[in-house]
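The entries are in the order in which I looked things up.

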Amino acid sequence: MKAIVLFSGGLDSILAACLLKKEGIEVVGLNMITPFHDCSQAAQKRADEIGIELVVRTFGEEYMQMLAHPKWGYGSNVNPCIDCRTLMLRVAKELMEEIGADFVATGEIAGQRPNSQKIHQLTLITRESGLGGKLLRPLSARVLPKTEMEIEGTIDREHMRAFSGRGRVKLAGYARQEFGVKSIPQPSSGCVLCENSFAPRVRDMLKHKEQPTLWDAQALPCGRRLRLDENAYVVVARRAEDCDRLDELFASPKRSRCVLIFPKNYNGASALLVTDEAPDFDDETPTMTEQLERYVETAGALALRFSNPARYNASPEGPVATLFWGKTSRPLALHEDPAVESIPIIAEPNRPPKKENASESNSESESEGATES
Ligand code: SF4
């Protein structure tokens, strides 16, 4: 028999994979990269350690559609965990059919996570994923309804486990004693959709755009984000790497309409103005509307607000930037404007989404673990 195991490299998924391997089942791990969480490196390391093949898949725009309109709503922040898990399991189902595996398994533990692992939520996710009786949760199988495999007898239910709840100690002990896992992965801080410091930016994006794209998501962690009005926001670089990131975002053919303001005669912050007033990516002769001109002036003043006056005042002609818009560019004189001081920054994330080294993913941010009854 062959099983696809949703595999983050966290303790739960390691145990689920090890338990199935012990039953003589061939395990293929599946790691999912979302626009807000990537633990594929940690997962690969752990997969190598326990000797399983790992397939990594990346979500595209379908993830953003789900995020903007989650059928089952959000968790404590902007984390649509039930829909997210469902989407992951649908990918797992596709992979199962693609490679001729017999069922899908996860390391989920009943009652462990409040947003997606209460028993009724697990049941809901099972149904929504389309997997039905082909979805096994080996660590909690004995407290959950029987799967097809258990009914047929191809999986011995008595060999499965009955963990439930949030404690971690017994789970770690089980990992050490039963499978000789020496380094127990730390519980993850999870995906940034759960983080208080990041969520306001996501809310701002969702509030102002009916269907945000992956590009919009990629712009979220960058620099300082300031909203001008319902139709425009500005991202001002905070560090040198933000300037590179803004360049990349502007160069993307999939970008939302935006213009880039880049310092020309001084060292300072660049700014990306995102608004539907901006020209198309391909526009070779863009038009400066009155509204766009006002936005550009404000964005330029914001770029100065976060730059060093000693540097931008050093030049006799005053600070000049290059305005990149459509397929063209032109010089842009910048002016200070005290009014921009009152434009609030929409939360400054503690950290951008990043690759994790050794932690749980494809999961929620709470501490992981369980007790066994
Ligand atoms: S916390 Fe996990 S399940 Fe919830 S949205 Fe983030 S990646 Fe998806």
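My entries start with the ground rules and go from the whole chain to single residues.

**Ground rules.** I am working with a predicted model, in which local features need pLDDT of at least 70 and side-chain atom pairs count only at pLDDT 80 or more, while totals for chains, interfaces and linings use all residues. Residues are numbered from 1 along each chain as its sequence is written, and side-chain values use heavy atoms, with hydrogens and water left out.

**Whole chain.** I looked up the secondary structure and found twelve helices and 13 strands in the protein chain. Helices (H or I, at least four residues) and strands (E, at least two) are DSSP runs, numbered from the N terminus. Along the principal axes, the C-alpha atoms fill a box of roughly 80 × 35 × 30 Å. Of the 373 residues, 56% count as buried; buried means under 20% relative accessible area, exposed over 50%, and partly exposed in between, with a 1.4 Å probe and protein chains only. Among contacts between residues at least 6 apart in sequence, 69% join residues at least 24 apart, a contact being heavy atoms within 4.5 Å.

**Domains.** The chain is divided into domain 1 (2–191 + 355–372) and domain 2 (222–342). These bounds come from an automatic or database domain assignment. I noted 43 Å between the C-alpha centres of domain 1 and domain 2.

**Parallel sheet.** I traced an open sheet of five strands with parallel pairing, in the order S3-S2-S1-S4-S5. S3 (53–58) and S5 (135–136) are at the edges with a single partner strand each, so one side of each has no neighbour in the sheet. Two strands count as paired if DSSP finds at least two bridges between them. S1 (residues 2–6) and S4 (residues 103–105) are joined by three bridges, and Ala 3 is opposite Phe 103 in S4.

**Hairpin.** S11 (residues 320–325) and S12 (residues 328–333) pair in the antiparallel sense over six bridges. Ala 321 is opposite Leu 332 in S12. Two residues lie between the strands of this hairpin, and Gly 326 in the turn has a positive phi of about 55°.

**Helix H7.** Which residues of H7 (residues 169–179) are buried? I listed Leu 171, Ala 172, Gly 173, Tyr 174 and Ala 175. The buried residues of H7 pack against helix H1 (11–22) and strand S6 (163–164).

**Arg 90.** I found Arg 90 in helix H4 (residues 81–99). Arg 90 counts as partly exposed because its relative accessibility is 37%. Leaving out residues up to four places away in sequence, Arg 90 touches Glu 128 and Ser 129. Its C-alpha atom is separated by 34 Å from that of Asp 276, 186 residues apart along the chain.

**Second largest pocket.** I read off a space of about 270 Å³ for this pocket. Of the 15 residues that line the pocket, His 208, Lys 209, Asn 231, Tyr 233 and Asp 276 are the closest to its centre. On a 1 Å grid over the protein atoms alone, a cavity is a set of points where a 1.4 Å probe fits but cannot get out, and a pocket is an open set with protein on both sides within 12 Å along at least five of seven lines; lining residues have an atom within 4 Å of a point. Grid points are joined across faces, edges and corners, and the volume is the space filled by probe spheres set on the points. Helix H8 (199–208) and strands S7 (224–229), S8 (232–236) and S10 (271–275) each supply at least two lining residues.
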